[in-house]
Amino acid sequence: MNVEEKKRLPLITTLLVIVNAIVFLIADFVFFQEQERVVAFMALNPALVLEEGEYWRLFTSMFYHFNIEHVMFNMLMLYFSGAILEPFFGRLRFFILYFVSGLLADAALIIYNSVIVGENAEIVFAAGASGAVYGLLGAFSAILLLLRDKVPGEERRRLPLMVFLLLFGNIFNKSVGHAAHFGGFFAGAALGAGYCMYLRRRQGGEQRTKE
């Protein structure tokens, strides 16, 4: 199994990109005169989740984007990462990786803005697929560390710099959900590391069986 294998169409990745695009088009063009109501309903707000039990926001916020630049950047990252990782993990595991990373990214944002910076709980409204996408980046990093021979040489050189720039390049921009980015990244790294260790144990068992 190799990270650069692309035997099948990345179906889950493609569907996720399509769904995100459709949600953006509906929210931005069909309801363009009611943007405040759309944000109030779909975006992630820590206070409304914890105090009012509006848990659907954990999911809707993963598919809603504030503007065209926001959705385009996230979808480009999603497609190029997913096209590599989906064949490696398999469709179901990739689907789980994406959504668990996104949910844990949301959890990190909620904890940061309600516990660490408590005054933000009521005023922060966050949205976007970046938490889940950063989870893919974290999983890719885990593969680079634990199954280095599965990663093409070019990616080995580019990935560390890309990770650093994405995580820290706009660290002082207060409008960016850094807590979600870091939460998603480490969630994806943990899930990716777990799968890599499973593959190493399985391969070790197969080698002992052959001997």
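Me: Ok, starting point: buried means under 20% relative accessible area, exposed means over 50%, and partly exposed is in between. With that in mind, how many of the residues of α7 are buried?

Reply: In this predicted model, 15 of the 17 residues of α7 are buried, so the rest of the structure largely encloses that helix.

Me: And what does α7 reach from its first C-alpha to its last?

Reply: The distance is 24 Å for its 17 residues, close to the 24 Å expected at 1.5 Å a residue.

Me: Let's pick one residue. Where is the place of S141?

Reply: S141 sits in α7, the helix that covers residues 130-146.

Me: Is S141 buried or exposed?

Reply: Buried: its relative accessibility is 12%, and the cut-off is under 20%.

Me: Which residues does S141 touch?

Reply: Leaving aside residues up to four places away in sequence, S141 touches L159, V163 and F185. Take F185: S141 and F185 are 44 residues apart along the chain, yet their C-alpha atoms are separated by 9.1 Å.

Me: Zooming out, how many helices and strands does the protein chain have?

Reply: It has nine helices and zero strands, so from the N terminus on, every element in the run α-α-α-α-α-α-α-α-α is a helix.

Me: What share of the 211 residues in the protein chain is buried?

Reply: Buried residues make up 48% of them. As for contacts with a separation of 6 or more, 78% are between residues 24 or more positions apart.

Me: Which residues make the nonpolar surface patch?

Reply: L9, L11, L15, I18, I22, L25, I26, F29, V30 and F31 make it, and the patch is about 910 Å². F31 is found in the loop between α1 (11-30) and α2 (35-42). F31 counts as partly exposed because its relative accessible area is 37%.

Me: New topic: what should the 26 residues of α6 span?

Reply: At 1.5 Å a residue, α6 (residues 91-116) should span 38 Å, and its end C-alpha atoms are 36 Å apart, which agrees.

Me: Which residues are buried in α6?

Reply: F94, L97, Y98, F99, S101, G102, A105, D106, L109, I110 and N113 are. An α-helix has 3.6 residues a turn, so residues three or four places apart point the same way.

Me: I spot rings in there. How many aromatic pairs are there?

Reply: The count comes to 13 aromatic pairs. One of them is F88 with F89, edge-to-face, at 5.2 Å centre to centre and 90 degrees between the planes. F88 and F89 are both buried.

Me: Why is the pair of Y98 and F99 edge-to-face?

Reply: Because their planes are at 75 degrees, and over 60 counts as edge-to-face. The ring centres of Y98 and F99 are 5.6 Å apart.

Me: Switching to charges: how many salt bridges does a search of the whole structure find?

Reply: Two. E54 forms a salt bridge with R57, where the closest N and O atoms are 2.7 Å apart. The side chains of E86 and R91 also meet in a salt bridge, at 3.8 Å from N to O.

Me: First E54, then: is E54 buried or exposed?

Reply: E54 counts as buried, at 17% relative accessibility.

Me: What about the relative accessibility of E86?

Reply: E86 has 2% relative accessibility, so it counts as buried. R91 is partly exposed, with a relative accessible area of 29%.

Note on methods
Residues are numbered from 1 along each chain as its sequence is written. This is a predicted model: local features need pLDDT of at least 70, side-chain atom pairs count only at pLDDT 80 or more; totals for chains, interfaces and linings use all residues. Side-chain values use heavy atoms; hydrogens and water are left out. Helices (H or I, at least four residues) and strands (E, at least two) are DSSP runs, numbered from the N terminus. The expected span of a helix is 1.5 Å times one less than its number of residues. Buried means under 20% relative accessible area, exposed over 50%, partly exposed in between (1.4 Å probe, protein chains only). Patches are made of residues with over 30% relative accessible area and no salt bridge: like charges are joined within 9 Å, nonpolar side chains (Val, Leu, Ile, Met, Phe, Trp, Tyr) within 5 Å. Accessible areas come from the Shrake-Rupley method with a 1.4 Å probe; for residues, only the protein chains shown count as cover. A salt bridge is a side-chain nitrogen of Lys or Arg within 4 Å of a carboxyl oxygen of Asp or Glu. Rings of Phe, Tyr and Trp (its six-membered ring) pair if their centres lie within 6.5 Å; planes under 30 degrees apart count as stacked, over 60 as edge-to-face and the rest as tilted. Contact means heavy atoms within 4.5 Å.
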